[in-house]
Amino acid sequence: FTDPNKKRRIRKIIMIVAIVFVIVIIAIIVAMIVHNNRARKREQMELGYLNTIEYIQIDNYTRAQECCEDAIQLAESLKDRSMQKNLGNYRKLIESVLAAQEHMDGQRFSEAQRTYREAAARSVYVDSIGLDYINEMLTLTADYMSVYDLINLGDILAQNLQYDKAEEKYLEAKS
């Protein structure tokens with residue numbers, strides 16, 4: 001007995017196998033594309049992380065902030081919690097230093113000193129990166145504060161007609 005539908009059945013099986021084969025190939029290609037995109041994003045995130053550290057080490061906090069923000073966005077898209085936490089610590093340090101620099105530019109030295117102290121405390125969470133710069137700026141703000149205090153003291157002494165003592169304070173401030 002020969003089956004009259006044998007050719008039809010063979011053709012149907014070949015069509016099903018071909019469709020399954022095409023679907024498997026498409027699934028593999030899509031999986032490879034997704035994997036490559038994730039790998040590229042991870043590479044960019046790690047590069048942003050390293051650039052953030054390098055910019056902090058050369059005291060370029062504005063550029064470090066840009067790199068850090070980009071890396072944080074990539075870490076969020078990759079759902080990498082540990083990198084998000086690390087980059088969050090760097091972001092807090094950078095924001096503290098930038099805020100302190102704004103206070104320095106506005107000649108609010110006591111606020112700048114307080115903010116630099118906060119930045120120094122935050123640097124502990126990022127392996128004390130940038131601590132040298134922060135300590136340098138703390139010293140600078142203390143110097144500025146002492147100079148302005150001496151000038152103010154000299155002004156008060158000059159108003160009280162104690163010119164010799166006022167001149168002494170002005171010269172001390174100048175030095």
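Which residues in H1 meet which residues in H2? In this predicted model, where residues are numbered from 1 along each chain as its sequence is written, local features need pLDDT of at least 70, side-chain atom pairs count only at pLDDT 80 or more, and totals for chains, interfaces and linings use all residues. Side-chain values use heavy atoms, with hydrogens and water left out.

On the H1 side, Arg38, Lys41, Arg42, Gln44, Met45, Gly48, Tyr49, Asn51, Thr52, Tyr55 and Ile56 meet Tyr61, Arg63, Ala64, Cys67, Cys68, Ala71, Leu74, Ala75, Ser77 and Leu78 in H2 (contact means heavy atoms within 4.5 Å; helices are DSSP runs of H or I with at least four residues, numbered from the N terminus). By class, this contact of H1 with H2 has 12 nonpolar, five polar and four charged residues (Ala, Val, Leu, Ile, Met, Phe, Trp, Tyr, Cys and Pro count as nonpolar, Asp, Glu, Lys and Arg as charged, and the others, Gly among them, as polar). The axes of H1 (residues 6–57) and H2 (residues 61–78) come within 8 Å and cross at roughly 155 degrees (axes are lines fitted to C-alpha atoms, for helices over the stretch in contact, with angles from 0 to 180 degrees between N-to-C directions). H1 is therefore roughly antiparallel to H2, a term for angles over 145 degrees. The crossing of H1 past H2 is left-handed, that is, the near helix is turned anticlockwise from the far one by less than a right angle.

Gln73 is also placed in helix H2. The C-alpha atoms of Gln73 and Met45 are separated by 8.4 Å, although the two are 28 residues apart along the chain.

Helix H3 (residues 81–105) has 25 residues and reaches 36 Å from its first C-alpha to its last, close to the 36 Å expected at 1.5 Å a residue (1.5 Å times one less than the number of residues). Just after H3, Gln107 takes a positive phi of about 60 degrees.

The axes of helix H4 (residues 109–123) and helix H5 (residues 131–159) come within 9 Å and cross at roughly 160 degrees, which means that H4 is roughly antiparallel to H5. The contact of H4 with H5 has 14 nonpolar, four polar and one charged residues by class. Ser123, in helix H4, is buried, with a relative accessible area of 0%. Leaving aside neighbours within four places in sequence, Ser123 is in contact with Leu93, Ser128, Ile129, Leu131 and Ile134.

How values were computed:
Helix = DSSP H or I, 4+ residues; strand = E, 2+ residues; numbered from the N terminus. Parallel < 35°, antiparallel > 145°, perpendicular 65-115°, else oblique. Buried < 20%, exposed > 50% of the residue type's maximum accessible area, 1.4 Å probe, protein only.
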